[in-house]
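Biologist: I would like to learn how to read strands, sheets and a chain contact in a model. Could you take me through them slowly?

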Amino acid sequence: MDHISFLFQQFNLIPYLNLIENVLLPCRFSRLRYQNVGSDEAGLKDEACRLLNLLGLEPEKFSHLTTQKLSVGQQQRVAAARALVGNPKLILADEPTSALDPENRLAFLELIFKQCSKNQTTLIMVSHDTSLSAQFDRVIDLDVLNQANGF
Amino acid sequence: MLLKLAWLSILNRRSTAFLTIFSIAISVGLLLGIEQLRESMRNSFLQTVSGIDLVVGARGDAIPILLYSVFRLGEATNNLRWQSYLEWTGDERVEWAIPISLGDSHKGYRILGTTTDYWKHYKYSHNRKIELEAGKFFDGLYDAVIGSVVAEKLEYQLNQQIVIAHGAGSAALFKHDDQPFQVVGILKPTGTPVDQTIHVSLEAIAAIHIGWEDGFPSTETDNPEKINLSDLQPKSITAFLVRLTSKMHTFRLQGEINAYEKEPLSAILPGVAMQKLWQIMGIFEKSLMAVSAIVILSSLTSLISLLLATMNERRREMAILRSVGAGPLTVFYLLWIEATVLCFVGVCLGFVFQYIGLIAVSPIVQDQLGLQILLEWPGTKEFVFVLLIMTCGMLMSFFPAWRAYMISLHDGLLPKA
C-alpha cells in the first residue's frame, strides 16, 4: 500500500505487536512509505513516536502497554497514526468515530485533519453521524451515489 | 521481518504453542533415544567379546551359550569335562583358552570360577585388560575378586566376608555357608558384565561342591581344613573362551570341536551368535521405531490442527495485515513460518529429551545387562532423522498456510469475523 491507508471502525491493531510496531506496519510492506519516513530503524521509531505524540499518546507512557490494555479511543488514535505514517496520498476511513464517545469524536477528527492538511492527504470517510459533516470539505449522501438502489 | 512477526505471534499464544512443542519434543526424543540405545547396546555387546574367537560349551545352541558364558544370562544345561578342555588347550592353533565355571551366585551377582589366565589374557574393548582398583587377584583358596558394580552396589570393601549360594537367583536355595569367601580384590569398571561378576578360582568352586550330589548339599558337614588339595582338581567346567593364533583357523577348529567324538561340544563364534541375536531383537526394535515414527506424525498433526483451529480468530489479524499492504502470499508465508518454527523448536527440544532419557535409562541397562551406554554427540544418522522430520513438518505446514491464503483472498482487505 504505497499510497492508501485504511482506518476501520474498531479492532484495527495487531494484538501481539506493541504500539510502535503497529504504527510502523505500512512501512514494512511499502518501500515508498519506508523511504518517506526515514532511512533506518531509528528514524522510523522517531517518526512513530512523533505521530503518537501528536495524537496525544506519549510513547513513554504508553508504549509498554499491549494493545488490549488501551481504551477504544486510544486504539483508534494508534490506528490513525498508522494510517498517517509515511505520507500516504489517500486515507479511507470506515466509521472510525462510531466506537468513540460523542465528546471525543470531534477532537479525534481534528487531530487527523491537522495531519492530513499538513501532508496534503485526502481523507475519504464513511459515517452515519451527520453531526460531523460540518467538518468536511465535501459531503456526499450515499443514496446519491447508490443510483442502482431503487428501493 | 516475517520471521519477527511469526515469532511474536507464537509468543502471544505461548501456552498452547508450548504444549505442541512439548509433544513434538517427546516423540522426537523417543525416536532418537531408541536409536542411540540400540547402537550403543550393539557396540557394548561387541566390545565385550572383541578379544574372543571361539566360545566352547556343552552341545547346545549358539545364542544361549553366548549369553550364559559371556553375559552371565541364563543357565547352561550341561557342563563339559576338564579333560576336553585340557585337550583343546593343547592344540597348537590355540593361543590361549580360559576355562570358566558358572552356577553359583551371591546376592544376585554371578560367581565365575576361572584360572589366573583370565587376568592374563582376557581383553575387552580396544584391547583393554582387566585391571585392579584395589587389592590383588585371587591367590588363596577362598579368595574372591569382585567387579566394580558389585563393590559399589553392595558396598563391599577388601576383606569383606561373603557367602556363596548355589544357583543363580537372588533367593538361591542352598548356601555354601560352611565355606565363606573373602574379598581380596576389587576391579576397575570395564563397562562389561565383568563389573557384575564375582571371580573365584576353579579350585574354590570344586571345594564348595565337594560331596554335593546333583546340586544338593552333602549330608556330612565338611570341615574346611579336612579338604584334600587333590580333591580340588576341577572335574568339569561350564565353558571355555578361546583365542586362536590366527583367525584363519577359526572355522576349521570350530568344525573339529563340534565333531569331537569324546564329548558333545559346541564351539560358537561370538560375532556370528551376536548377529543371530540381533536378528531376533531386530523385529522388536523395528516395531518400536515404527511406533515412535507414528507418534511423531501424531504430534505434527496436532501442531497443524492447532494452527487450523485458531484460523478463524485470526481472520481479523490477517485482514489488517492485508490492509497495510501485505499480499496473500505474505499471509501464507507467515503461517508457514510459524508452523515450521514450532516444529523446529520441538525437534531441538527433542534432542535434549533424548539425552535426558538415555541418562535416566542408563543405570537400568547397566544393572540388568552389565552394559554401559556411551552418550555420543549427534552424528549423521541423527541429522538425517531430523531432516526427515523437518521436511515432513514443513510439508504438513503447507496446509494451514494455504488455508490462511485462501481466507485472506476471500476476505480481502476488510476485516471480517
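Modeller: Let us begin with β1 of chain A, which pairs in the parallel sense with strand β2 (residues 90-94) of chain A over four bridges. This is a predicted model, in which local features need pLDDT of at least 70 and side-chain atom pairs count only at pLDDT 80 or more, while totals for chains, interfaces and linings use all residues. Residues are numbered from 1 along each chain as its sequence is written, and chains are lettered from A and ligands numbered from 1 in the order in which they are written.

Biologist: What counts as a strand, and when do two strands pair?

Modeller: Strands (E, at least two residues) and helices (H or I, at least four) are DSSP runs numbered from the N terminus, and two strands pair if DSSP finds at least two bridges between them. Strands of a sheet pair through backbone hydrogen bonds, either parallel or antiparallel. Here A:Ile4 stands opposite A:Leu90 in β2(A).

Biologist: In what order do the three strands of the open sheet in chain A lie?

Modeller: The order is β1-β2-β3, with parallel pairing, and the edge strands, each pairing on one side only, are β1 (4-7) and β3 (122-126) of chain A. Neighbouring strands of this sheet are turned by 15° against each other on average, direction ignored, where axes are lines fitted to C-alpha atoms, for helices over the stretch in contact, and angles run from 0 to 180 degrees between N-to-C directions.

Biologist: Which helix lies across β1 and β2 of chain A?

Modeller: That is helix α5 (residues 72-84) of chain A, which runs at about 170° to β1(A); contact is given to two residues whose C-beta atoms, placed from the backbone, lie within 7 Å.

Biologist: Why is strand β12 of chain B largely enclosed by the rest of the structure?

Modeller: A residue is buried if 20 or more other C-beta atoms, placed from the backbone, lie within 10 Å of its own. In β12 (residues 181-187) of chain B six of the seven residues are buried, so this strand is largely enclosed.

Biologist: How many residues does each chain give to the contact?

Modeller: Chain B and chain A give 14 residues each.

Terms used:
Buried ≥ 20, exposed ≤ 12 C-beta atoms within 10 Å, placed from the backbone.
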